[in-house]
Amino acid sequence: MPEIPTIMLARSRVEAPVRRELESRLTDALAARGGGRLVITAPLYDLDSEGPSVARLRAAGNDLIVLAWMAPRAIFGTLAQHGVEGQLGPITPEDNQEGTGTKEASTERMIWCFDLGQSAEEDEWLQRLEPMLGQRAEPAAPGQVEVLDEETHPRWYPVVDTARCIGCLECFNFCLFGVYGLGEDDRLQVEQPNACRPGCPACARVCPAGAILFPEHADPVISGHSEARPDPMQLDLLPFPSRPASIGQGDAQRDTALAERNACSEKSTEPKKSTTPPQSPSDDLDDLVDQVDDLDL
Ligand code: SF4
Ligand code: SF4
């Protein structure tokens, strides 16, 4: 029989009674059902990648069911950026999870992601989870509940859906704050998430593949609640400033993105992390010698 999955229930960052009530009722219902360890954490998006909650999930290694107040694509991407990787599990029989998931997960671990905003009924949640829990363990003894208290604060950073990302690096070139970097394999990575400007979603608008999510943004396309993709006409891979300005909605998207990015830039007091080393005094001397040579005296 397959290994029993861990169920992670990540609390809402919003102190809304209706949310807290569902979290509480669902915790009781899952504990009463048994057949899996239930881990309660702070809001998933706000967790520290180096904190105890993420460390606990990474160390577990078994299959994972994640219930959070975020779109499933955003849940999966956030976990991956926290270093909790796996294969995205289908959540309905007809769901092929097109456009989501990691391209090359290094583990066979299955991760099923659910947005708690989809239902306020704990019984409905038990039914939805039954295909994952039922084939793995008979409910017998009450399930164990582990509460991971971790102090968090609201964070804001891009989450990349790696299954959609085509590696064009428009986001890398567009961001003024050094949020993006390249890994050892020259793949895009969110290198400095905390350098992202709170409220700025600009790079999500310039991504030609719709691969950048901000889970707390009000626009469902940017939060990942909508599966909509950009117009394929925008899929030219020219550097962003030189993209033709005749592509329907792309114009408005570009203008909005530039305005948002520049507004963030004006507010910022921090210079962008430079990728070129500063000139040394000897560089200045070399430049001066070159200039004298050019005079051809
Ligand atoms: S702009 Fe989008 S598709 Fe291009 S590298 Fe960034 S995330 Fe990937
Ligand atoms: S462009 Fe704006 S939203 Fe995107 S990573 Fe940079 S600061 Fe954050």
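This is a chat about the predicted model shown above.

Visitor: How many bridges hold β4 to β5?
Guide: There are 2 bridges between β4 and strand β5 (residues 110–115), in the parallel sense. Gln 87 stands opposite Met 110 of β5 there.

Visitor: OK, and what does β1 pair with?
Guide: Strand β2 (residues 37–41) runs parallel to β1 and is joined to it by 5 bridges. Strand β3 (residues 64–68) is also parallel to β1, with 4 bridges. For example, Leu 9 stands opposite Ile 40 in β2, and Met 8 has Val 66 in β3 as its bridge partner.

Visitor: Is β1 mostly covered or mostly open?
Guide: Mostly covered: 5 of the 5 residues in β1 (residues 6–10) are buried. On one side sit Thr 6, Met 8 and Ala 10, on the other Ile 7 and Leu 9, and all are buried.

Visitor: Changing topic: what's in the largest nonpolar core?
Guide: That core has 50 residues, and Leu 44, Tyr 180 and Phe 214 have the most contacts inside it. It lies between domain 1 (6–147) and domain 2 (159–267), because both give residues to it. Apart from it lies another core, of 19 residues, including Ile 7, Leu 9, Leu 26 and Leu 116.

Visitor: What does Tyr 180 touch?
Guide: Not counting residues up to four places away in sequence, Tyr 180 touches Pro 158, Val 160, Cys 171, Phe 172, Cys 175, Leu 188, Gln 189, Val 190, Glu 191, Cys 203 and Ile 212.

Visitor: And which residues surround ligand 1?
Guide: Among them are Cys 165, Cys 168, Cys 171 and Cys 207, along with Leu 188, Pro 208 and Ile 212. By class, the shell around ligand 1 has 10 nonpolar, 1 polar and 1 charged residues.

Visitor: Where is Cys 200?
Guide: Cys 200 is in the loop between β9 (188–190) and α6 (202–206).

Visitor: Buried or exposed?
Guide: Cys 200 counts as buried, because its relative accessibility is 10% and the cut-off for buried is under 20%. Leaving aside neighbours within four places in sequence, Cys 200 is in contact with Trp 156, Phe 214, Glu 260 and Cys 264. The C-alpha atoms of Cys 200 and His 217 are separated by 9.3 Å, with the two residues 17 apart along the chain.

Visitor: Last one: how many residues of α3 are buried?
Guide: In helix α3 (residues 72–81), 7 of the 10 residues are buried, so the helix is largely enclosed by the rest of the structure. The buried ones are Arg 73, Ala 74, Ile 75, Phe 76, Gly 77, Thr 78 and Leu 79. After α3 comes Gly 83, which has a positive phi near 90 degrees.

Conventions:
Residues are numbered from 1 along each chain as its sequence is written. Chains are lettered from A and ligands numbered from 1 in the order in which they are written. This is a predicted model: local features need pLDDT of at least 70, side-chain atom pairs count only at pLDDT 80 or more; totals for chains, interfaces and linings use all residues. Side-chain values use heavy atoms; hydrogens and water are left out. Buried means under 20% relative accessible area, exposed over 50%, partly exposed in between (1.4 Å probe, protein chains only). Two strands pair if DSSP finds at least two bridges between them. A residue is near a molecule or strand if one of its heavy atoms lies within 4 Å of it. Ala, Val, Leu, Ile, Met, Phe, Trp, Tyr, Cys and Pro count as nonpolar, Asp, Glu, Lys and Arg as charged, and the others, Gly among them, as polar. A nonpolar core is a set of buried Ala, Val, Leu, Ile, Met, Phe, Trp, Tyr and Cys residues joined through side-chain atoms within 4.5 Å. Domain bounds come from an automatic or database domain assignment. Contact means heavy atoms within 4.5 Å.
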